[in-house]
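Me: I want to learn how to read a protein model. Could you take me through one, feature by feature?

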Amino acid sequence: MPFARLNRATTPTSHIGLGLAAVGRPGYITPHRDRDLPGDRSAGALRAHTHELLDAAYAQGVRYIDAARSYGRAEEFLADWLGARPDVTDVVIGSKWGYTYTADWRSDAEAHEVKDHSLAAFERQHAETAELLGDRLDLYQIHSVTADSPALSDKDLHARLAELAAQGTTIGFSASGPAQADAIRSALAVTVDGEPLFRTVQATFNALETSAGPALAEAHDAGLTVIVKEAMANGRLAGTEAPAVLREIGTEAGLDADAVALALVLHQPWAGVVLSGAATVTQLAANLHAPLLDLDTDRLDRLAALVEEPEAYWRHRASLPWS
C-alpha cells in the first residue's frame, strides 16, 4: 500500500493531502474564485498557480496529492511539477477515472463533466493518465461510485482493475451523494479471485455531512485506507461562509474556521488522509494548522449541532454555481 509511506512520516501534516479539483480548471463550485485564482485563468496561468501551491504543500509536509481526469488539466499540471522536481520521490499520487472533462476550459459551460463507468471509459482514461503520470501513479480510483453503478457489477472491469493492481497500482473508489454508505458497503463486497478489489475509499465527511461515518469505519476495519474529501463542504465551512460555532472555536484556539473543520475530520479514528481543497497558499497554510487543535467533548458537542440531513446537504451542493 503506498500510504504506508505516510505512516513513516514524522510531520503532523503528512496525513493531510492536497486535492487539485479547484485549481486544475477555470470553473469549480467553491466561492470567491475571482479572489482566489489569478485574473488570467489561462492554462499557463493556472499551471503556474498550481505549481506554487504544490511547492508550498510539499514544503509544509503534505505527502498525498489527489487529481482526476475530470479536473481539467490537473494531471498535466501535476505531471509537469513532478517532472521538474526529480528529487521529490516521497509523495503518494492518486488520480481518478470515470468522469470526462467537457467544459472546454470555460467556467460557464453547460456541462463540466460527464460520467461513464464502463470498461471502455476506463481503458481510454487510464491510457490518458498513464501518458501523463506514468509510474508515478500510485492510486487509481473509480470516480463517484454509487450503489447502482455498473462499476460494482462489471466482472470484466474488475478483472482489468485487478490486472492493474497486480502491476503495482493500488485500486480504490470514491463515493458521493446521500447514499454514500450504501455505495461503500457494496464496494467492500467486490472481490476478484476471492480477494478484495478495492484498497482505498474516498468519501465526503464534514461537520455538515456525517452520514458515511459508520460505513467508513467498516472500511477502515476491513483494511482500506480512508481518504476524506470535501472536509470544508465546498467552502461552506471556511472563511465568512463558516457557521458561527466554527468561527468561535477557531477564535478560542487562535485558528481559522477551516482548520477547525479539518480538525474534526482528523479526529475520526478511521480517517487515514484528509484532503485540503485549498486554492491558494494562504488557504493551505491555514488548513495545515488543523493538527494543532484539541477537540474536547464540549467542542465536539457544539460541532455536532451542525449536522444536516444528507438529502438536504446534497441538494444544496447540487445547487452551487460553477464560477
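Reply: We go through sheet, helix and single residues in turn. This is a predicted model: local features need pLDDT of at least 70, side-chain atom pairs count only at pLDDT 80 or more, and totals for chains, interfaces and linings use all residues. Residues are numbered from 1 along each chain as its sequence is written, and side-chain values use heavy atoms, with hydrogens and water left out.

Me: What do the strands form, and how do they pair?

Reply: Start with the terms. Helices (H or I, at least four residues) and strands (E, at least two) are DSSP runs, numbered from the N terminus. Two strands pair if DSSP finds at least two bridges between them. Here, eight strands make a closed barrel with parallel pairing, in the order β1-β2-β3-β6-β7-β10-β11-β12. On average, neighbouring strands of this sheet are turned by 25 degrees against each other, direction ignored. Axes are lines fitted to C-alpha atoms, for helices over the stretch in contact, and angles run from 0 to 180 degrees between N-to-C directions.

Me: How many bridges join β10 and β11?

Reply: Five bridges, in the parallel sense, link β10 (residues 200-204) and β11 (residues 225-229). Ala203 stands opposite Val228 in β11.

Me: Which residues of helix α8 are buried?

Reply: Buried means under 20% relative accessible area, exposed over 50%, partly exposed in between (1.4 Å probe, protein chains only). In α8 (residues 213-221), the buried ones are Gly213, Ala215, Leu216 and Ala219. They line one face of the helix, because they fall within an arc of 160 degrees seen down the axis of α8. That arc is taken from the directions from the helix axis to the C-beta atoms. An α-helix has 3.6 residues a turn, so residues three or four places apart point the same way.

Me: What covers those buried residues of α8?

Reply: The cover includes α7 (180-188), β10 and β11. Contact means heavy atoms within 4.5 Å. Just after α8, Gly223 takes a positive phi of about 100 degrees.

Me: Is Glu75 buried or exposed?

Reply: Glu75 lies in helix α4 (residues 74-83). Glu75 counts as buried because its relative accessibility is 2%. A polar contact is a pair of N or O atoms within 3.5 Å; within protein, one must be able to donate a hydrogen and the other to accept it, and residues adjacent in sequence count only if both atoms are side-chain atoms. The side chains of Glu75 and Arg69 make one of 2.5 Å.
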